[in-house]
Every structure is written in structure tokens, then in C-alpha cells.
Amino acid sequence: MVDKVKCLNPIGIGMPVKTYPLAPRLEKIDGKEIWLSITGEPDITIPLEKRLKNDYPKVNWKVKRKYDLDPIPLTDEEMKTADGLIQAVCW
Amino acid sequence: MPYIAELEKAGIPTVLIDLEDQQNMVRQEALAQGVPNIRFIHASRTLFGEADVDRLISPVLDGLTRPLTEKEKESGMWQPPWGRVLFEGTLDEAEDFYQKTEWVPHPVNAPIAVYSDGLPVRIPTEERVREMLKGTSHKPDELITAQSDRLSGRGEIKKGDPIRFQPMNWTATVEKVAINAVMAGCKPEQLPVVLAIAESGCPIESTHSLGQWICVSGPIAKEIGMSSGCGMMGPGNPANMAIGRTHPIMSRNLGGAIIGVNRMPSISSPFAHGSCCAENADGLPPGWKGLNEESGYKKDESVVMIQIVPKGIRGVQHSPGGYRALQKSGHGGMARRLNVKGKPGPHNWLEYALPEFWAATEGPLNIIMIPEMAHHLYEYGFKSKDAVYEWLWKKSFMTLENYRKLSWVDFTTNGWLGIEPISGKHWKELPDDYMVPAAGPNSSGFCIIVGGGDEEVSQQMSGGRRPNDSNIYSIDAWR
């Protein structure tokens, strides 16, 4: 008869996380205030900003620009009027 | 991700653009932040920017307008399943169980260990964990919390705040840490060091960073048989090896960090195995403080430093024989470069290594040197570590024209949109011949550790100390 042993669990304790639905999507983008939150990768974000503004001129585009990983957050006031946000590029 | 989660919860629709291989990481972080169905679009690592934008512009706008699916409308609670006992069976069966792997597809395409660093572990039986817990006065069910107020890269941490292990934001008890310490092969007397490492939250490298270097300072190093001598960062000493190994094991188990899923060091390095050593306090020249005293602790107090090594490591830049020739009689290539031909030492050997320090990247350095080389610096005239730090910092100045040619400065200057800290002017307003300290705004980022054997070598690692991110933890608080 081989002895059995109880082995303990090394995994960390995950606190329960409340999960949320996504925010409702926009019916159309024209006339909306949409933020482009730039975090680096200028090879993509420079042409992206140009294309968005040129191809969708009826959108009220606003930009937060940063080079590193942490975005510049919208202020409480800006959040009141923001209709959407594109975060680019996370790396 | 916390920011995107906050916006979604506030009713603002978002779309994330991320690199394709980061998909699993985005999913895991989104789940940890309570928005598991976040919408994201892949950017290319190689496609020319305009072509990539052609490809992704429609999907990005679609992400803002396409109606939500039933799944995306769901809310609820998520809790990772866990129980105190993970496995019951024979020791042989347990060994197989704890060596389990899971296949991680691209960018890994190989099996990755589920409970360990990849090597076999010592099985954490109830008895072994009970024995391990004798190494601390803290209760098994006590949560790992900050033992003092401190700054971290993520903000201010107050004494008593629960420590969150990244990337999954999990917590741990003293018993959980003891379980991981058993698995790494630690002895009970080493547990306070492991608990102090756990207090760091076991930070892991990002996509590019090379890993972590762990250094113990203070009397506990001798008490528990750590090595600060020859080969101190290599194999051989059980205490250094086992304590170092707890970092990757705790990252995996307490933080939920999985290589290629939510831990993405493109190549990684031996540092990520948990390189651990002790400081040789007896080898310090007169007046040079140990790491503990430099960090505001007393000489008889023990601390551990967990140092992220974000860029690179440099080894010996000279032959040890060449070094001896420099100091003994002023002969050889080192003496020629320092223009001290025929003059016996002491000479400032750092001057020889200097051209390499900021040749490719900026930032302060961690410098490990053997006691003899530290004593040469002392005899040369550096009566404290601070004097060396100040000298190094002054030597780091380079023209802005050259500074711009380094890779990381785009990151640290916020793409040149920020303010240069010394002049207080915008980077773009400064002339090409403006002198910039490549080692950072002051000398406080440098860190010297004395240790190792007799052969005259030094090792320098990028990173250094960060004024807004304390990486020193009291071991005595966990005794």
C-alpha cells in the first residue's frame, strides 16, 4: 500500500470580478464626438489619424496623444460628451 | 486596460488596436478588469503603416457601431476556481501532476508548465508546507500586504494594502507563498526572504524586458547560507538558487503569468529564471554603504531588492589579466586607453568601460564589481558609492544630437512632446549641442553591488533604481 499525500494549491486567490456588458454601440458616427487615444506606434497612428479625419469629416474627432504605454485619460468633463474612443496602439 | 474598462463601464464604446500576438493578453486582462468581451483589432508588426491603416480602418469603425451580440450584453461574476488542496495521490502521481504542461500556440508553439518554471518541483504536501511556515511568525491565513508605505510604478502603496500579483491581479496568503517556497526547494529559514519577494507582487518582464535580478543585503544572507562570493549569480548555492527560483514560480502561480499568453518577453533571458545573489557587505571599502543602508535601513537590517533589468547586460569589457596589468604597473591596453602607461595604480577602471555604457541606450546602471575593484575605486579617491554615482552621472552627458540617436529616448521624452527636466524647456526647443545626461535627471538611479570572487570582473545591467518605484523590501518584517 503506497501512502497518499495531500498536496496544496499554489495558485493565487482571485477575488470575484463583477463582469459588465460592453457599452451600447453607436447607430452612426456622423456628428459624434470620437476620441483617438494615441499611445505610440506612430507608423500606424499618424496615417490612422489622417485617414479618420479625411474619410470621416462629419465626425467630431478629438485626439489625446502620447508616445508611451499609458494613455492620457479623458477628464470627467470630456467623458460627459465623449461618444466613443479608439485606443491605438496598445503594445 | 483598466482605462478601457472604465470607459466601457461608463457607457462609452471603445475599440482597441493591438498587435496580433497580444490577443490572449488582452483577453486575460479584460477579464480581470470585468469587461471580458472588449472589442479589439489586430495591427501588424511588419506591414507599412498606411497599408495597415487601409486594412484596419473599417473594422475599427465597425467596432464602434456594430450592435452588441447577446454575449457582449452579458454581465455576471467571475471567480477563478481554487481550493486549498489541489491534488491527492501518491508522491509519484503528484510529481506527474505538478509537472503538467499546456500547449501554448503562436508565439510560443511549445508546451509551457502549468504550475512551475518548467523544472520539476518539490511537492507541496501539507506536512512540508506546515514545516515551511515555521520560518515566519506570520499566520498562514494572513494576506500578503505592504509592510510599509512606498511608491510603485502604479502609484502610492500604503502599509497594509493587499498586494496584487500581476497580470491577473490575484492576491495571496502567507500559506500560498509557503507552498510556492516548498515547490522552489526553499528551507523554512529562507521563507522571510521569499515573503519579502512576494511583497513586491513579483513583477514580470514586458514584451522586451529581460527579467529580474534579486539581491539580498544584510545579515540574513549569511544566516541562511546565501553566497555573495565566486559565482554568486550562477549555479551551485542552494539558497541563492531556491530563493531566486521562487520569483518565476510565484509569477506563474500567484500572478497567473503564462509565457506567450499574458507574459510576453519576446526572447527573455537567464534573469527571468530568478537570478539571485547576496551583497558582500564585508567586501565594501571603508565608508561605502551597503544596499540596506543606502535604502534607509540599518546595517543590521536585511532587505531584498527586486530589480527589473529592462534592456541589457554587459559583462567583462577587459581581460582580468589586462586589468591587473593596469593597476599593478600601468601596462596593457587598458592603461593605453586611460593614458596612464607605466604608472602603477590605483586607476579609475570605470573610465575604461565608460564608452560602452551609453553607446546604444540611455539610463542609469546597476554595476556589480568584485571587492578588489571596489577598493581600487576607493583608493583612487571615491570615498563613497555616492561619489561614484555622481562621477558616472556627470560622465553620461552627451549632445542632444547624439542623444536623439538612441532608441529609448522617444519613449522617455514622450516622442519629444515632453519637457526636458533640467532646462525646463520643451525638447524641440533645445539646440543640437545641448548637453543631456544620458543616465537620467540625477545620479540617484545608479546602484553598485559588491560581490563575487577574486578574478577581476564587473558586470553592468541596465535599469538602475527608480525614484518613483521603490524596489527594496524589508525581510525582517516577514520574520
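Q: In which strand is A:Val89 found?
A: The model is predicted, and in it A:Val89 belongs to strand S5 of chain A, residues 84-90. A cis peptide bond joins A:Ala88 to A:Val89, with omega about -10°.

Q: Which peptide bond of B:Pro107 is cis?
A: The one that comes from B:His106, where omega is near 15°. B:Pro107 sits in the loop between strands S5 (101-104) and S6 (110-113) of chain B.

Q: What makes the phi of B:Asn169 a value to point out?
A: Phi is near 70°, which is positive, and the residue is not glycine. B:Asn169 is in the loop between strand S8 (155-157) and helix H6 (174-184) of chain B.

Q: How many residues does the contact take from chain B and from chain A?
A: Chain B gives 86 residues and chain A gives 57. The area buried between them is about 6300 Å², with 68% of this from carbon and sulfur atoms. On the side of chain B, B:Tyr3, B:Ile17 and B:Phe411 lose the most area to chain A, together 10% of what that side buries.

Q: Why is the pair B:Asp54 and A:Arg51 called a salt bridge?
A: The closest N and O atoms are 2.4 Å apart. The rule asks for a side-chain nitrogen of Lys or Arg within 4 Å of a carboxyl oxygen of Asp or Glu, so this pair meets it. Across the interface of chain B and chain A the rule finds two salt bridges. Helix H3 (residues 49-65) of chain B supplies twelve residues, the largest share of the side of chain B that touches chain A. That side has 45 nonpolar, 22 polar and 19 charged residues.

Q: How do you know that strand S2 of chain A and strand S3 of chain B pair?
A: Three bridges join S2 (residues 17-19) of chain A to S3 (residues 76-78) of chain B. Pairing needs at least two bridges, so these strands qualify. They run antiparallel, and B:Met77 in S3(B) is the bridge partner of A:Lys18.

Q: Why do strands S12 and S16 of chain B stand at the edges?
A: The open sheet has four strands in the order S12-S17-S13-S16 (chain B), with mixed pairing. S12 (313-314) and S16 (447-450) each have a single partner strand, so one side of each is without a neighbour in the sheet.

Q: What joins strand S13 of chain B to S16(B)?
A: Four bridges join S13 (residues 365-369) to S16(B), and the two strands run parallel. Helix H14 (residues 371-380) of chain B lies across S13, S16 and S17 (458-462), at about 110° to S13(B).

How values were computed
Residues numbered from 1 in each chain as written. Chains lettered and ligands numbered in written order. Predicted model: local features only at pLDDT ≥ 70, side-chain atom pairs only at ≥ 80, totals over all residues. Heavy atoms only, no water. Contact = heavy atoms within 4.5 Å. Buried area = accessible area lost by both parts, 1.4 Å probe. Nonpolar A, V, L, I, M, F, W, Y, C, P; charged D, E, K, R; others polar. Axes fitted to C-alpha atoms, helices over the stretch in contact; angles between N-to-C directions.
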